[in-house]
Amino acid sequence: MKILKPKNPTEADLVKRAVDGKRDAQQLLYQQYAGKMLAVSKRYARTDFEAEDILQDSFVKVFLYLKNFKGDCPLEFWVKRIVINTALKYQRTNRHLMVTGQDEELDDVSEQDNLDSQFAYEELLELVRGLPPRYQAVFNLYAIEGFSHKEIGEMLEITESTSKSQYSRARASLRQALLRLKQQNHEKVTG
């Protein structure tokens, strides 16, 4: 008697089959999460090429450590954490490229701090990518991923207050960049 495979395998079935080295299950897991995880990678990378490298390195780790996945959280969360950690490791190994100066002065912008829907996702992504790498990491981890400053400090090996300071400076820098972009867009329309 032939055993039929379910057409829509559960996450647990996919994980088990992928751990057992079944390429179709690994491919299915990759297809299921690669798009979302590339978006995460792009938030931490300086270029699309770096983001793709981070994604590739992340999935190597996912398949290497999948046997350790206990199922105590959704697989997507577990994969996302690997992607974030891989991106942060990438930044740490390129630390000489990072700007972390505590004495930088950023102009105070009093305009309300919101990301208007008038800006396209790609424009906003480019603004975040334009931040110094440490500011970019702190901004992504706090504002987008939802980690606390204490957790960020532990992840980046900085103090909680440094995380708060860098987040504040990242926001101020983004506000300035948004105002410049808004002005440029306005000049294009009226110019």
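**Close-up 1. Phe139 and Tyr167, an aromatic pair in a predicted model.** Phe139 is buried, at 9% relative accessible area; buried means under 20%, exposed over 50% and partly exposed in between, with a 1.4 Å probe and protein chains only. Tyr167 also counts as buried, at 14%. Rings of Phe, Tyr and Trp (its six-membered ring) pair if their centres lie within 6.5 Å; planes under 30 degrees apart count as stacked, over 60 as edge-to-face and the rest as tilted. By this rule the count comes to 5 aromatic pairs. In this one, the ring centres of Phe139 and Tyr167 are 6.0 Å apart and the planes meet at 15 degrees, so the pair is stacked. It links distant parts of the chain: Phe139 sits in helix H6 (residues 133-144) and Tyr167 in helix H8, 28 residues apart. Helices are DSSP runs (H or I, at least four residues), numbered from the N terminus.

Residues are numbered from 1 along each chain as its sequence is written. The model is predicted, so local features need pLDDT of at least 70 and side-chain atom pairs count only at pLDDT 80 or more, while totals for chains, interfaces and linings use all residues; side-chain values use heavy atoms, without hydrogens and water.

**Close-up 2. Helix H2 against helix H3.** H2 and H3 (residues 48-65) pack at about 140 degrees, with axes 9 Å apart. The axes are lines fitted to C-alpha atoms over the stretch in contact, and angles run from 0 to 180 degrees between N-to-C directions. That makes H2 oblique to H3; angles under 35 degrees count as roughly parallel, over 145 as roughly antiparallel, 65 to 115 as roughly perpendicular and the rest as oblique. Contact means heavy atoms within 4.5 Å. Among the residues making it are Leu29, Tyr33 and Met37 of H2, and Ile54, Leu55 and Phe59 of H3. The contact residues divide into 11 nonpolar, 2 polar and 3 charged. Tyr30, Phe59 and Phe63 form one aromatic cluster.

**Close-up 3. Asp20, between two helices.** Asp20 lies in the loop between H1 (11-19) and H2 (23-44). Asp20 is partly exposed, at 47% relative accessible area.

**Close-up 4. Glu157, a loop residue with positive phi.** Glu157 is found in the loop between H7 (149-156) and H8 (160-190). Its phi is near 60 degrees, a positive value in a residue other than glycine. Glu157 counts as exposed, at 61% relative accessibility.

Notes:
Ala, Val, Leu, Ile, Met, Phe, Trp, Tyr, Cys and Pro count as nonpolar, Asp, Glu, Lys and Arg as charged, and the others, Gly among them, as polar.
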